[in-house]
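Reader: Could you walk me through this one? I'd like the overall picture before we get to details.
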Amino acid sequence: MKKAALILFILGLFQIPLFADSTDVKQEVFIMEIKDQIDARTKRYVDLALQEAKERNSSHIIIEMNTYGGALYDADEIRSALLNLDIPVYVFIDNNAASAGALISIACDSIYMAPGGSIGAATVVNQTGEAAPDKYQSYMRSIMRSTAEASGRNPRIAEAMVDEKIEIEGITKAGEVITFSTSEAIENGFCEGQFNSTTELLTYLKLDNATVHRYEVSNTEAIISFFINPFISGILILIIIGGIYFELQTPGVGFPIMASIVALVLYLVPYYLNGLAENWEILAFIIGLVLIAIEVFVIPGFGIFGILGLILTLGSLVFMMLNNEMFDFEFVPSENITRALLTTLTGLFGSIILMFIGGVRLTNSKFFKRVALQGVQSKTEGYSSRFIAAGMAGKTGEVFSVLRPSGKVEIDGELYDAHTRGEYLEQGEKIVVVDESGTSLKVKKADN
């Protein structure tokens, strides 16, 4: 007894705690949003947000959700990232978590909803809004089922959010996919509570005293998102095509092709970082440019190389905007395809207009005249390409360097460029000039 009292006295003297106070543990709530169509940009946003949450050692993550769904491929990758995360993730559905949004919500540890919210309707649809073939529905059913099992929810209900053929007594009839309201989701175990705001949710979770960090994209990411805007993409396509055209029209100027290269980088990099521009699409674009260059420089005209090059170049620009799986556009929304086509065609026609209307104005502008050599040194103004004085014809001399068939000859102590009609003459052999026109003398072996 005395020993125990002595130990307690020593611990108190040196202020050594026996038990850790759980309230002293730092807690940080990391809040992120999914409030738009789920696509490659959303996936990149989530990846960056989760990475920052890990680096900050956040204790909890809350996703504020309001989406009607989007691309299945991207939603599936987000789902996998959430299931493999060690940090507890809660989702607060403020209005909608439909389709791919429902899949992501079910992958979270807890689901909370605002009054009037809904979750479900996860049937896979194609570009026209109709149900996709059964192989896609089967895949969606399987990942909804496995996700529900992993998060401790009814997998049969999760499947019924996809397949209208599934009938669950007291919940849904055949011919209807499940879409739960907030109260129905609570009743069936797909929602842990109803709250008006994230603030109320934090109070319920006893995290109202925790540090709250709301994720914001960096300036770099904001710039990347800016250049993915279809309007900006159209302008970049215009500059890419227009720059190549003007460089071909005035070779050696430099700034049109530089503008084209800069625009191409600004076009490719954002789509590549967002997972849209695949390596094969970039390769197809490069091959298209090579084919066009062959058509222009090697076999002038407009034949098969030019047509194939144009198809590959424009086609790859379209594909880079779409999250397709090797030409499989089954899950790509029709509005995305339409927007990509319109953006590319607008850039193409804009560049054509620029070529025919703005080309003349550009070449006549003061700026263009400063950087491009446009003056002509005509013969009427006294200019001549002749570098040899008249009266050389008939003169004799000797070979200074071997003529095979061109080289140098020495005449009257002066060196001149010279060439024969094909014969080789060795150094020291006698020659006679037969023609003085052009930039070098035409000579032949002198008769002995």
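This is a predicted model: local features need pLDDT of at least 70, side-chain atom pairs count only at pLDDT 80 or more; totals for chains, interfaces and linings use all residues.

Reader: Okay, how many helices and strands are in the protein chain?
Author: The protein chain has 15 helices along with 13 strands, and of its 448 residues, 42% count as buried.

Reader: And what about the accessible surface of the protein chain?
Author: That surface comes to about 25,000 Å², with 58% of it belonging to carbon and sulfur atoms. As for contacts between residues at least 6 apart in sequence, 61% of them join residues at least 24 apart.

Reader: Switching to packing, how do the axes of helix 3 and helix 5 cross?
Author: The axes of helix 3, covering residues 72–83, and helix 5, covering residues 134–150, come within 12 Å and cross at roughly 15°. An angle under 35 degrees counts as roughly parallel, and the two helices are therefore roughly parallel to each other. The crossing of helix 3 past helix 5 is left-handed.

Reader: Which residues make that contact?
Author: Helix 3 contributes Leu72, Asp76, Arg79 and Leu83, while helix 5 contributes Tyr139, Met140, Ile143, Ser146, Thr147 and Ala150. By class, the residues of this contact are six nonpolar, two polar and two charged.

Reader: What is Ser316 in contact with, leaving aside neighbours within four places in sequence?
Author: With those neighbours left aside, Ser316 contacts Glu281, Ala284, Phe285 and Ile311.

Definitions and conventions. Residues are numbered from 1 along each chain as its sequence is written. Side-chain values use heavy atoms; hydrogens and water are left out. Helices (H or I, at least four residues) and strands (E, at least two) are DSSP runs, numbered from the N terminus. Buried means under 20% relative accessible area, exposed over 50%, partly exposed in between (1.4 Å probe, protein chains only). Contact means heavy atoms within 4.5 Å. Accessible areas come from the Shrake-Rupley method with a 1.4 Å probe; for residues, only the protein chains shown count as cover. Axes are lines fitted to C-alpha atoms, for helices over the stretch in contact, and angles run from 0 to 180 degrees between N-to-C directions. Angles under 35 degrees count as roughly parallel, over 145 as roughly antiparallel, 65 to 115 as roughly perpendicular and the rest as oblique. A crossing is left-handed if the near helix is turned anticlockwise from the far one by less than a right angle, and right-handed if clockwise. Ala, Val, Leu, Ile, Met, Phe, Trp, Tyr, Cys and Pro count as nonpolar, Asp, Glu, Lys and Arg as charged, and the others, Gly among them, as polar.
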